[in-house]
Amino acid sequence: MRHAYSVETVRAAEQALMARLPEGALMQRAAAGLAVACGDLLRRNGRVYGSRVLLLAGSGDNGGDTLYAGARLARRGAGVRALLTSPGKAHRAGLAALLAAGGQVLDGPDLGAFGPVDLVVDGITGIGGRGGLRPEAAELVRVVTAGRAPVLAVDLPSGVEADTGQVLGTAVRADATVTFGAYKPGLLVDPAAEHAGALRLVDIGLAEELPARPDLEALQYADVAALLPVPGAESDKYRRGVVGVAAGSERYPGAAVLAVAGALRGGAGAVRYSGPGADAVIARFPETLVHPGPPSRAGRVQAWVAGPGLGDSSASEAAVADVLAADVPVLVDADGLRLMDAATVRARTAPTVLTPHAGEAAALLGVGREEVEAGRLAAVRELAARYRATVLLKGSTTLVASDGDTPVRVNPTGTSWLATAGSGDVLSGLTGSLLAAGLAPRDAASVGAYLHGLAARRASDGAPVAAQDVADAIPAAWRDVRA
């Protein structure tokens, strides 16, 4: 599992570690790891010896890491030059090391005499940077990256917010980021994550100084495999979990079909459907147990999914209220988010999972959509606290937050091909099946998002994909994880 920590936590851990190490040892560890990563990237496109490396070095420790790494590359035969964003404040020891190794300092961003660049190393600002790049630094980045050389960011791309994932101004867009000691939330959460490229964590010995509880975490294959509910020899359809689906309408019967598809492909022992889309559901999935409604009369279930395609009728509102009155876990999505009563959700004693996209989250919070998209981490935390629920905020990086003192989870398997009609309905059914199987709400939402992303990647293989294709690929994604 990947763990991310706030700037304050990382700095405290660094201070504790530096107190036990010789002066400068921590920076040398970071620089050594950075130089190795630079070398790997250069070898991918040629070789280290004779390559041309351009350092963008700021005034802080981030600039020092960059200069020391540049010195190591210069000693390996690379042609290394540095542009200092604050020449009078450059890290003195790092600059001296670079010059002693044969590196050079450029007077300005005129790179004509330097020739083609094989790698640009962004060491302008570190984890303490705020508010985007200053205009002069932004112009410098624009000029030196015009040649389309790969850009490697040091610790995180300059200009992004380390703690929140926000991008409040101009920021570097890196092809890869080397981060030290621990991941920072902004490396995993959009929009900042879009600027980071491929991530590489360099171990500098910080693990013993970091607290057990991170601020953010991302599941990996092994974590998901350990959580997947696998039936035993004595399992039957009821023990595997029965999920109820209250979805669809005369106008949107497809939403019911897709939610049921997600539930069945997600491993539910049985699916009970309640609503006006029964004919469409039975035509596609004859194994579904259908009932015209209300949901409370459909039969016993271990979890409910309510909302996809319900529309705005009074019957739809009554169906959502009926589901929320059930003493089982309930997932509310799409139209159900508009129809639910906030006080009823907060008063529930059984778990509730809300799965909004940015627009729906904005409506629930009473803010603009752009505010949610710019600050996704803050938005998902606020929703979880306000509704006393587990919240899955859909988007380019899906986030899962629960009310209480638990880390936010970020899903690493998302793909832009999921931006298609009905994919959210599939995710709701899939997550509902995991709730019915007995997974805790936070685990069900996290595993559901993970499998959903894997299924979309498998189904699309770089080509357009429809929601039903994603649902049909869920078993293959399940096998991939278990393998």
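Strands and helices here are DSSP runs, numbered from the N terminus: a strand is E with at least two residues, and a helix is H or I with at least four. Two strands pair if DSSP finds at least two bridges between them. The model is predicted, so local features need pLDDT of at least 70 and side-chain atom pairs count only at pLDDT 80 or more, while totals for chains, interfaces and linings use all residues. Residues are numbered from 1 along each chain as its sequence is written, and side-chain values use heavy atoms, with hydrogens and water left out.

**The hairpins around β17**

Display L392 and its bridge partner in β17, V400. Five residues lie between β16 and β17 in this hairpin, and G395 in the turn has a positive phi of about 160 degrees.

Which residues cover the two faces of β17 (residues 399-402)? L399 and A401 lie on one side, V400 and S402 on the other, and all are buried. Buried means under 20% relative accessible area, exposed means over 50%, and partly exposed is in between (1.4 Å probe, protein chains only). In a regular strand the side chains alternate between the two faces of the sheet.

**T355 in β15**

Select T355, found in strand β15 (residues 352-355). T355 counts as buried because its relative accessibility is 2%. Its side chain is joined to that of D333 by a polar contact of 2.9 Å. A polar contact is a pair of N or O atoms within 3.5 Å; within protein, one must be able to donate a hydrogen and the other to accept it, and residues adjacent in sequence count only if both atoms are side-chain atoms. Not counting residues up to four places away in sequence, T355 touches several residues, including L392 and K394. Contact means heavy atoms within 4.5 Å.

**Helix α9**

Now select helix α9 (residues 253-265), whose 13 residues reach 19 Å from the first C-alpha to the last, close to the 18 Å expected at 1.5 Å a residue. The expected span is 1.5 Å times one less than the number of residues. Because 10 of its 13 residues are buried, α9 is largely enclosed by the rest of the structure. These buried residues pack against several elements, among them β10 (242-246), β11 (270-274) and α17 (423-436). Just after α9, G267 takes a positive phi of about 100 degrees.

**An aromatic pair**

How many aromatic pairs does a search of the whole structure find? The search finds one. Y221 and Y450 form this edge-to-face pair, 6.0 Å centre to centre with 80 degrees between the planes. It links distant parts of the chain, since Y221 is in helix α7 (residues 221-227) and Y450 in helix α18 (residues 441-460), 229 residues apart. Rings of Phe, Tyr and Trp (its six-membered ring) pair if their centres lie within 6.5 Å; planes under 30 degrees apart count as stacked, over 60 as edge-to-face and the rest as tilted. Y221 is partly exposed at 38% relative accessibility, whereas Y450 is buried at 4%.
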